[in-house]
Amino acid sequence: MKTSIFRAICFATASVFAASLILTMGVLYGYFSKGQQEQLKTQTGLVAQAVEKEGLSYFKGIALRGIRITWIAGDGSVLYDSDSSLDRMENHLGRKEVKEALSFGYGQSERYSKTLFERQIYAAKKLLDGSVVRLSSTHLTVVSLALALLRPALVVGITAVALAFLLATSLSKKIVKPLYELDLDQPQKGGYEELAPFFERVACQKSQLQLKESMLRQKQEEFRAATDYLSEGLILLNEKGIILSINRAASSLLSISSFCVGKDILLLHNSLSMQELLREAKSGSHAKAQMELGGVMHQMNASPVVSDGEVTGIALLIFDISDKEKAEKMRREFTANVSHELKTPLQSICGYAELMKEGVVKQEDMGRFSDRIYVEARRMTALLEDILKLSRLDEGIEGIKEMKWGETDLYDLANDAIHALRPLADEAGVSIALEGGHVKVNGEPQLLSGVFYNLCENAIKYNRKNGSVSVEIKEEGTQAELIVSDTGIGIAGEHMERIFERFYRVDKSHSKEVGGTGLGLSIVKHSVKLHNGWIEVQSAVDGGTTVIVRLPK
């Protein structure tokens, strides 16, 4: 800025000086040129009068300094010339000033020398006898005048430039001094009122930068806090494999110090699997590898971070894949549970049937035994139907192709489920109420009806005498919410994560008492998942349970 101000002042001074010089020379030159022409015209008139009175004798002994006198006859021949002999003079009839004088009585013209350094002025006047008297004088041109004034102009110019330099240096320092001394913590206290908007903008931007810095620091702390408590290892690398961030889990799994940020990961963990993983990620491909860490099999996923078509970083995620073994164990447990659930009613049916076959059952007990066989058979049928339904839900969309998806009114489905469960609620002494309004979603009516039925049935079965069940349907933005609340026995915290597992029962004695297959909540979970929704459960022992199902509309 200082340099710009300095240059501007110097340029302005030089420009003003040059313009003043040119303007002054132009005005003075024009003024003196016009005066010389008027003076020459006057002198021409006087000489013409003298020649008319005295004739050629007038020229004897006459000497006008700097002026050339020529007497020209009417035919253009020269009768007298003060500078040249007559035998060297050519006919002057074609000269402009002579033509004008012969035609109008007076004529004038000017001609420049070949070098443009001199200008010849001519004035001619016609006499009574038809001859012409012409006077001429030599004057300097603008070019010659400029050259003549060059030395004093240079002296004045150098002096002006020197003064301008000193003035510009002093002034520029004085102008920028408040800016150099600006307090960035309090920019509003700047030295110039004209710069107040600028200082206000600086203060505003400083405040915004401080806010963004604070937010960024907070985000970093949140990210560090979130990733440090992840059970999965997370490492962020740049495109060269340099560690940018590493959480505690990754540091522990790879036996790397948490102070390794800024170092190449291959210098700290140079296994073949890691090398291959990073090589594929740097080429822009997602890569996976398995390795044993701490005696447990882990999977490492490397995802390239791409910006403008180039890999600018790598996100490395390390997680325990022992869940696969857990899933396999759950499948084995499921098989065992199915066998157990089927074995119990089958044994009952076989036992009652054998007693009836052997004739040991009295005639009056036949109805009771038949009813028991029917109940156990229905229990087996319900169990098999739920197992088949879960199997189809496990297959996802492919398993329910025959079902019809479309616009479904959740309020109507909830009303139908409550109507179907009303006898069970009356028998259990539980009141049930439906609230909210008609909310429509794109879904499969049978699956959604099963969600309502199972949730409401559980709310009734695991309630208290004179308890209540509330069902509410409402909209929340682009989502539909189904909320089923009861005043029942509640669920302990240690069971919350497992209530959606197949055949899992919180209170097995109570579950057997109220009946059921133990698969209802598993069916609910799968049905909601197929609708891209999710479930939230809020419960406390002896404090009732609230199940919230959210579905995209």
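**Charged pairs and their surroundings**

Mentor: Glutamate 536 and arginine 550 form a salt bridge, with their closest N and O atoms 3.0 Å apart. The two residues link distant parts of the chain, 14 residues apart: glutamate 536 is in strand S16 (residues 534–539) and arginine 550 in strand S17 (residues 545–552). The model is a predicted one, in which local features need pLDDT of at least 70 and side-chain atom pairs count only at pLDDT 80 or more, while totals for chains, interfaces and linings use all residues. Residues are numbered from 1 along each chain as its sequence is written, and side-chain values use heavy atoms, with hydrogens and water left out.

A salt bridge here is a side-chain nitrogen of Lys or Arg within 4 Å of a carboxyl oxygen of Asp or Glu. Helices (H or I, at least four residues) and strands (E, at least two) are DSSP runs numbered from the N terminus. For burial, the classes are buried (under 20% relative accessible area), exposed (over 50%) and partly exposed (in between), with a 1.4 Å probe and protein chains only.

Glutamate 536 is partly exposed at 28% relative accessible area, whereas arginine 550 is buried at 17%. Through shared partners, salt bridges join Lys474, Glu476, Glu481, Glu536 and Arg550 into one network.

The salt-bridge rule gives a count of 14. One of these pairs is glutamate 97 with arginine 111, whose closest N and O atoms are 3.4 Å apart. Glutamate 97 lies in helix H2 (residues 96–104) and arginine 111 in strand S3 (residues 106–112), so this pair ties together parts that are 14 residues apart in sequence. Glutamate 97 has a relative accessible area of 0% and is therefore buried; arginine 111, at 30%, is partly exposed.

Lysine 461 and glutamate 457 also meet in a salt bridge, at 3.1 Å from N to O. Both are in helix H12 (residues 445–461), four residues apart, about one turn of the helix. Lysine 461 and glutamate 457 are both buried.

H11 bends by about 50° at leucine 421, and proline 423 follows within four residues. That bend is the angle between axes fitted to the seven residues ending at a position and the seven starting there. The buried residues of H11 are Leu410, Leu413, Ala414, Ala417, Ile418, Leu421 and Ala425. Glycine 429, with a positive phi near 70°, follows H11.

A polar contact is a pair of N or O atoms within 3.5 Å; within protein, one must be able to donate a hydrogen and the other to accept it, and residues adjacent in sequence count only if both atoms are side-chain atoms. Asparagine 247 sits in the loop between strand S7 (243–246) and helix H6 (248–253). A polar atom of the asparagine 247 side chain lies 2.9 Å from the backbone oxygen of glutamate 232. Asparagine 247 counts as buried, at 1% relative accessibility.
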